[in-house]
Amino acid sequence: MKGWRVDFLVTPLRAGLAAAAVAAGVLAFGWSGLFNVAATSGHWPITDWFLHYVMINSVKTRSLAIETPGDLDDPALIARGAGHFAAGCAGCHGAPGRPRSPVIREMVPTAPDLGPKVPTWEPKHLFWIVKNGVKYAGMPAWVSAEEREDEAWAVTAFLLKLPGMDADSYRSLAFGAEQDGAANGFTAVKPEPQGAAPREDVLADCARCHGRDGAGRDNAAFPVIAGQNEAYLFDALKAYADGRRHSGIMATAAARLPEPELRALAAHYAAQPPVAAKGAPPVEAALVAAGERIAREGDRGAGTPACASCHGPSPMARNPAYPSLAGQHAAYLESQLRLWEKEHDSRGGGPFAGVMRKIAFGMTEEQIKAVSAYYASLPRERTP
Ligand code: HEC
Ligand code: HEC
Ligand code: HEC
């Protein structure tokens, strides 16, 4: 046997040459065009298994440190997630009563029907996939992934309800009173000459979440925009569309719309009667009193100015770029203040957003809760 022994010393030079030879071989194979990229040929079963094995383990390892919030059963969170799912996910994954298109079925890997997949994951794994997407697979990351983890959790909350959901429940969750089909997340709207009114199909999409009257849905999942200042509404829509105000949900709704359409939508919702947010839960009286003090007098010690000077309530004329807050539901106001309070620019906005960012920075959780409860307790009004 001794004759068979090859004395081969691995030196750094030899190792380097071997690695270079392998790299050259791989490059030559790529150059030759022999590898078949045709989706028609699919993957070999072993490749398919390996890719899924890698994906599943990557997701599980990377989500180890994620803390799952306790309120994933909150109906507002589920409704928000469902509304986005119809525009941002169902086009690839299908939905109850809405099978995947034959074109999607030909993707390699394909976007699977998620009902049977959800139980194979823990909530934090689903959150990780929704937030980060899957490389080389066509599964996109969340728009504003770092800034809006709360939105990726909303979609996760919806996904957890998806297994076994029937078509009617899905329809009413994602479309409200609107027709199935009023979700145009993937289609571009042509910049047509514009009348004063928004296009019917576009308004139908907004109305799935905000209602045609702008009062939102009965679960307080969406901000009330009825009777809001037209200038502010337009600034907000433009900021979502341009990515200056971070929201994957609103970017999906607004980014494809040409500017005249955004103006028409702002005019439509500004013209609606200023009704209070639908389905808003009652607020605590003690919080309201503390909030009124902050709104009217500010907090000198903390350097917080009186909110009322810019947001009312007051009979004085105000800048129409400053939103009216009265009658908005508290959870939404809190969410916006918390976004500004975070150190990075989680909540951008219109041309004056920098003013508000400075004010919100340093506000405590108690102040945020109190002042939001106060504004939620007021009747909605038009800005004088
Ligand atoms: C452009 C098409 C596309 C869109 C849009 C899309 N996905 Fe996917 N998704 C995919 C593909 C393709 C995969 C398969 C990835 C794989 O097998 O590695 C996938 C995988 C997933 C998975 C893992 C499924 C599993 O167990 O294998 C989840 C969960 C998921 N997507 C959720 C969503 C959600 C929620 C949205 C919307 C926010 C969304 N996807 C939008 C294409 C898409
Ligand atoms: C899938 C549900 C959904 C759809 C569809 C939708 N919105 Fe929204 N909208 C939301 C959510 C959620 C927010 C809160 C986003 C945030 O946190 O900034 C919001 C915020 C807004 C705001 C900002 C409100 C404020 O007080 O600052 C405006 C304005 C708005 N939407 C208008 C529209 C218009 C117009 C359309 C149609 C083009 C539309 N939305 C479509 C869910 C939706
Ligand atoms: C100097 C004027 C000014 C003062 C004072 C002010 N704000 Fe604002 N606020 C703004 C502007 C401008 C915006 C719009 C930012 C944008 O472009 O989205 C805004 C937006 C908001 C919003 C988001 C509303 C929505 O519909 O999304 C909340 C909530 C808010 N302010 C709360 C407060 C509170 C609470 C105080 C008092 C502690 C306060 N603001 C004081 C100027 C002000």
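**Helix α6 and the iron sites**

Mentor: Start at the end of α6: the residue that follows it is G133, with a positive phi near 70 degrees. Keep in mind that this is a predicted model.

Trainee: OK. How many residues of helix α6 are buried?
Mentor: Eight of the 10 residues in helix α6 (residues 123–132) are buried, so the helix is largely enclosed by the rest of the structure.

Trainee: Which ones are the buried residues of α6?
Mentor: They are K124, H125, L126, F127, W128, I129, V130 and K131.

Trainee: And what covers the buried residues?
Mentor: The cover over the buried residues of α6 includes α2 (45–62) and α7 (149–161).

Trainee: Switching to the metals. What are the protein donors of the iron atom of ligand 1?
Mentor: H93 through NE2 and M139 through SD, lying 2.0 to 2.1 Å from the iron atom. H93 is in helix α4 (residues 90–93) and M139 is in the loop between α6 and α7, so this pair ties together parts 46 residues apart in sequence.

Trainee: What about the angles at the site of the iron atom of ligand 1?
Mentor: The six donor atoms give angles of 86 to 178 degrees, and the site is octahedral. For reference, the ideal angles for six octahedral donors are 90 or 180 degrees.

Trainee: Is H93 buried or exposed?
Mentor: H93 counts as buried because its relative accessibility is 12%. M139 has 25%, so M139 counts as partly exposed; the cut-off for buried is under 20%.

Trainee: Next, ligand 2. Which residues coordinate its iron atom?
Mentor: H210 by NE2 and M250 by SD, at 2.0 to 2.2 Å. The pair links distant parts of the chain, with H210 in helix α9 (residues 200–210) and M250 in helix α11 (residues 248–254), 40 residues apart. The site of the iron atom of ligand 2 is octahedral, with angles of 87 to 178 degrees among six donor atoms.

Trainee: How do H210 and M250 count for burial, buried or exposed?
Mentor: H210 counts as buried at 12% relative accessibility. M250 also counts as buried, at 17%.

Trainee: And ligand 3, what coordinates the iron atom there?
Mentor: H311 (NE2) and M356 (SD), at 2.0 to 2.2 Å. H311 belongs to helix α14 (residues 308–311) and M356 to helix α16 (residues 353–360), so the pair ties together parts 45 residues apart in sequence.

Trainee: Why is the arrangement around the iron atom of ligand 3 octahedral?
Mentor: Because the six donor atoms subtend angles of 87 to 178 degrees. As for burial, H311 counts as buried at 12% relative accessibility, and M356 counts as buried at 17%.

Trainee: Zooming out, how is the chain divided into domains?
Mentor: Into domain 1 (60–175), domain 2 (200–270) and domain 3 (285–377).

Trainee: What area do domain 1 and domain 2 bury between them?
Mentor: About 1,300 Å², with 58% of it on carbon and sulfur atoms. The centres of domain 1 and domain 2, taken over C-alpha atoms, are separated by 23 Å. The contact takes 17 residues from domain 1 and 13 residues from domain 2.

Trainee: How many salt bridges across that interface of domain 1 and domain 2?
Mentor: Zero by the rule.

Trainee: Last one: where is G227?
Mentor: In the loop between α9 and α10 (230–242). G227 counts as buried at 4% relative accessibility. Leaving aside neighbours within four places in sequence, G227 has contacts with Y269, A270, Q272, P273, P274 and R382.

Terms used:
Residues are numbered from 1 along each chain as its sequence is written. Chains are lettered from A and ligands numbered from 1 in the order in which they are written. This is a predicted model: local features need pLDDT of at least 70, side-chain atom pairs count only at pLDDT 80 or more; totals for chains, interfaces and linings use all residues. Side-chain values use heavy atoms; hydrogens and water are left out. Donors are N, O and S atoms within 2.8 Å of the metal (3.2 Å for Na, K and Ca); water is not among the atoms, so sites may look incomplete. Four donors count as tetrahedral if all angles lie between 85 and 135 degrees; four count as square planar and six as octahedral if opposite donors are over 155 degrees apart and all others between 65 and 115; anything else is irregular. Helices (H or I, at least four residues) and strands (E, at least two) are DSSP runs, numbered from the N terminus. Buried means under 20% relative accessible area, exposed over 50%, partly exposed in between (1.4 Å probe, protein chains only). Domain bounds come from an automatic or database domain assignment. Contact means heavy atoms within 4.5 Å. Buried area is the accessible area (1.4 Å probe) that two parts lose on being put together, summed over both. A salt bridge is a side-chain nitrogen of Lys or Arg within 4 Å of a carboxyl oxygen of Asp or Glu.
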